[in-house]
Amino acid sequence: MRSAMQPQATASMRPTNANKRGLFRTLRKHFWGYFFILPAAVLFILFLWTPIVKGFVYSFYHVDFVHGDKFVGWDNYRTVFNDNSVGIAIRNTLYYMGLALVIGFWVPIVFAVAISELRRFQGISRIAAYLPNVIPVVVLYGLWRWLYDPVGPINAMLKGLGLDPIMFMADSKWAMAALVIMETWQQFGSALLIYLAAVVSIPKDWYEAAEIDGAGVMARIRHITLPSIRNLILLLLVMQLIATSQGFQSQLAMLDGGPINSTLTYGLVIVKYAFSRLDYGVASAMGVLMFFVLAVLAVLQFRMTNRGGD
């Protein structure tokens with residue numbers, strides 16, 4: 001009986017042993033690759049996923065570094081939904097995202113296409129467009145405070161044209177738009193280089209064939225350039241939505257959410273809960289809610305990336 005069952009047991013063990021040997025060969029083959037990415041993976045887990053997991057945990061606690069944390073269940077989330085400033089911040093954030101699309105999203109596309117059509121001075125144009133991106137934020141905010149000043153250059157120019165001055169930093173109707181214009185001026189250079197790389201990679205034969213057929217500049221842009229970078233445009237659109245949904249730095253540094261809460265964004269409310277009110281539990285709850293919203297946008301971005309690759 002034992003001898004009859006032994007071949008069957010041995011046969012059932014063979015696939016397992018073969019799988020182990022295959023796994024061992026794979027690990028041995030790629031050992032140095034895994035070895036070199038191990039530090040990056042450890043840092044990624046420690047400084048990205050560990051805070052994310054702790055944020056989920058802290059969203060159910062009243063965090064007190066002196067007397068110890070206290071479990072409060074869903075109270076932090078109730079506080080978020082009952083806080084009127086959160087509703088204002090959500091509206092302002094959506095308004096901020098919309099302004100960034102209307103004012104700033106098309107700027108790098110236009111400049112990239114324009115620079116690609118230049119016959120000369122392309123290198124200088126790329127450098128000039130990217131230079132604002134390297135300006136330190138402290139210098140940037142000081143510069144634009146001066147530009148937006150009631151007696152600054154912009155209002156002086158408006159006065160010279162016979163127009164009334166605009167209180168960019170004091171008027172709630174203009175404050176958010178002023179921040180978007182400032183950020184567009186500083187940040188469009190990086191997106192421009194990405195678009196420009198995509199435009200330059202378009203085969204020249206397509207443009208030459210279009211020129212032979214009598215197509216002008218606008219026709220080439222409409223029928224060749226823009227369709228060729230359509231997937232990239234969609235990808236950067238989603239990335240901009242994700243970035244602007246988290247915006248708080250310029251709103252905090254320039255106006256601290258004012259005037260009259262007109263620049264109070266969702267990210268800024270999180271910062272105020274965490275570092276002004278020292279209520280890390282509510283701040284974590286707000287972060288968790290934002291995490292799920294951004295996860296949806298990230299999935300959308302991933303699908304667009306795969307579609308672009310196909």
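User: Happy to start with a contact. Which residues of α8 meet which residues of α11?

Analyst: Ile 194, Tyr 195 and Ala 198 of α8 meet Leu 232, Ile 233 and Leu 236 of α11. Contact here means heavy atoms within 4.5 Å. By class, this contact has six nonpolar residues, no polar ones and no charged ones. The nonpolar class is Ala, Val, Leu, Ile, Met, Phe, Trp, Tyr, Cys and Pro; Asp, Glu, Lys and Arg count as charged, and the others, including Gly, as polar.

A word on the basis: this is a predicted model, in which local features need pLDDT of at least 70 and side-chain atom pairs count only at pLDDT 80 or more, while totals for chains, interfaces and linings use all residues. Residues are numbered from 1 along each chain as its sequence is written, and side-chain values use heavy atoms, with hydrogens and water left out.

User: What makes α8 roughly antiparallel to α11?

Analyst: Helix α8 (residues 175-200) and helix α11 (residues 230-245) pack at about 165°, with axes 10 Å apart. That angle makes α8 roughly antiparallel to α11: under 35 degrees counts as roughly parallel, over 145 as roughly antiparallel, 65 to 115 as roughly perpendicular, and the rest as oblique. The axes are lines fitted to C-alpha atoms, for helices over the stretch in contact, and angles run from 0 to 180 degrees between N-to-C directions. The helices themselves are DSSP runs (H or I, at least four residues; strands are E, at least two), numbered from the N terminus. The crossing of α8 and α11 is right-handed, a term used if the near helix is turned clockwise from the far one by less than a right angle (anticlockwise for left-handed).

User: And why is α4 called oblique to α8?

Analyst: Helix α4 (residues 84-116) packs against α8 at an angle of about 40°, with the axes 7 Å apart. That makes α4 oblique to α8. α4 passes α8 in a right-handed crossing, and the contact residues divide into 22 nonpolar, four polar and one charged.

User: How do you know that α9 and α10 are roughly antiparallel?

Analyst: α9 (residues 204-212) and α10 (residues 217-228) pack at about 165°, with their axes 10 Å apart, and are therefore roughly antiparallel to each other. Their crossing is right-handed. Trp 206, Tyr 207, Ala 210 and Glu 211 of α9 make the contact with Arg 220, Ile 224, Thr 225 and Ser 228 of α10. These divide into four nonpolar, two polar and two charged.

User: How many aromatic pairs are found in the whole structure, and why is the pair of Phe 60 and Tyr 77 called tilted?

Analyst: The search finds 18 aromatic pairs. For Phe 60 and Tyr 77 the ring centres are 5.6 Å apart and the planes are at 50°, so the pair is tilted. Rings of Phe, Tyr and Trp (its six-membered ring) pair if their centres lie within 6.5 Å, with planes under 30 degrees apart stacked, over 60 edge-to-face and the rest tilted. Phe 60 lies in the loop between α2 (31-58) and β1 (61-62), and Tyr 77 in α3 (residues 75-82), so the pair ties together parts 17 residues apart in sequence.

User: What makes the backbone at Phe 121 worth a look?

Analyst: Phe 121 has a positive phi of about 65° although it is not a glycine. Most residues other than glycine have a negative phi, and most peptide bonds are trans. Phe 121 sits in the loop between α4 and α5 (122-130). As for peptide bonds, the one from Gly 258 to Pro 259 is cis, with omega near -10°; Pro 259 is in the loop between α12 (249-255) and α13 (266-276).
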